[in-house]
Amino acid sequence: MRRYGKHTDEDDIRSRPNRKGNRPRSNIRPKHEDAAEGMVLTVDRGRLTCLVEDRVVMAMKARELGRKAAVVGDRVGIVGDLSGAKDTLARIVRIEGRSSVLRRTADDDDPFERVVVANADQLAIVTALADPEPRPRLIDRCLVAAYDGGLEPLLVLTKSDLAAPDELLEMYGALGVPYVVTTREEFVDGLAADRVRDYLVGRTTAFVGHSGVGKTTLVNALVPEEKRRSTGLVNAVTGRGRHTTTSALALPLADKQGGWVIDTPGVRSFGLHHVDPSRVIHAFPDLEPGTEGCPRACSHDEPDCALDTWVAEGHADPARLYSLRRLLATRERREGD
């Protein structure tokens with residue numbers, strides 16, 4: 001092994017050759033001040049489809065972003081070939097700050113948080129009144145995720161010709177969540193899309209729902225020139241729908257007043273591992289005032305909880321307290337309702 005004295009010549013020190021012939025690594029990152037602004041429309045196996053002005057551009061994430069991932073709805077800075085021509089690829093070098101984030105985990109015991117959509121104003125929770133049966137617990141979980149992420153909820157109830165919506169609407173009446181009730185016939189003649197569109201104009205709305213509830217059919221009606229995905233049927237044995245949407249996709253609303261619709265894959269569970277249990281109560285504004293008398297660090301599911309007295313005095317529907325406690329109890333296991 002060669003050893004050097006105190007007065008070595010710099011040229012005498014051996015250095016490892018740079019075989020790639022590129023510039024040496026540096027902690028200084030380029031600012032990309034000339035990057036164009038774009039919006040992520042969809043993500044597929046590391047390739048991001050973005051809208052830059054009026055052009056659809058294919059891009060990939062730049063290495064300097066590290067593990068930070070861009071999701072549908074993100075506003076990004078893009079450099080490179082922005083022509084949108086076939087076989088061209090640009091680079092996303094910056095992800096702008098987010099005004100809202102819809103997150104979920106696969107299950108309540110899954111610590112891996114998935115960001116589904118960024119910068120949406122509204123979350124449309126689509127559920128069928130029958131075929132398949134409605135799942136109030138899943139609706140509750142979507143409401144929690146919406147309030148936690150800064151989105152306003154909208155309840156869309158489909159197939160009202162098969163079952164009345166009264167019971168479900170009564171359950172959520174105290175929340176003041178806006179809702180639209182539609183029939184299967186209204187899906188065919190386009191009336192359902194027209195009624196829902198009134199709540200979407202000028203806003204970015206993410207659609208979520210259990211498979212088979214008509215979510216993608218509704219999106220297809222709202223953006224007929226795009227035809228999001230082929231629609232699926234409900235399994236006659238399990239009562240569950242088939243997944244017809246495999247990745248989130250942002251589509252411009254077919255309306256001159258503007259707006260975006262984001263279709264997301266059908267969900268069978270909506271994990272809330274990322275939500276602090278103390279924040280779950282915020283999704284139940286009809287119950288929240290009753291927590292003022294709760295003991296410190298109350299879990300709202302214990303003998304001294306003030307919510308029992310609050311509900312007994314008639315301030316809120318007992319079904320809402322049951323819904324809250326069921327939600328808190330199921331955070332530790334997969335939601336199966």
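Is glutamate 186 buried or exposed? Select glutamate 186 and take a look: with a relative accessible area of 13%, glutamate 186 is buried, since the cut-off for that is under 20%. Keep in mind that you're looking at a predicted model.

Arginine 195 is partly exposed, at 32% relative accessible area.

Next stop: show Arg137, Asp140, Asp286 and Arg320 together, as salt bridges with shared partners link them into one network. Zoom in on the pair aspartate 140 and arginine 320, whose side chains form a salt bridge at 3.7 Å, N to O. Colour helix H1 (residues 136-149) and helix H7 (residues 318-329): aspartate 140 sits in H1 and arginine 320 in H7, so this pair ties together parts 180 residues apart in sequence. Aspartate 140 is buried at 0% relative accessibility, and arginine 320 is buried with 0% relative accessible area.

Then move to strand E9 (residues 152-158) for glutamate 152, and to the loop between helix H4 (191-197) and strand E11 (204-209) for arginine 203; the pair ties together parts 51 residues apart in sequence. Their side chains meet in a salt bridge at 3.1 Å, N to O. Glutamate 152 is partly exposed at 46%, and arginine 203 is partly exposed at 23%.

Finally, zoom out to the whole chain. You'll find seven helices and 13 strands, 47% of the 337 residues buried, and 15 salt bridges in the whole structure.

Technical notes:
Residues are numbered from 1 along each chain as its sequence is written. This is a predicted model: local features need pLDDT of at least 70, side-chain atom pairs count only at pLDDT 80 or more; totals for chains, interfaces and linings use all residues. Side-chain values use heavy atoms; hydrogens and water are left out. Helices (H or I, at least four residues) and strands (E, at least two) are DSSP runs, numbered from the N terminus. Buried means under 20% relative accessible area, exposed over 50%, partly exposed in between (1.4 Å probe, protein chains only). A salt bridge is a side-chain nitrogen of Lys or Arg within 4 Å of a carboxyl oxygen of Asp or Glu.
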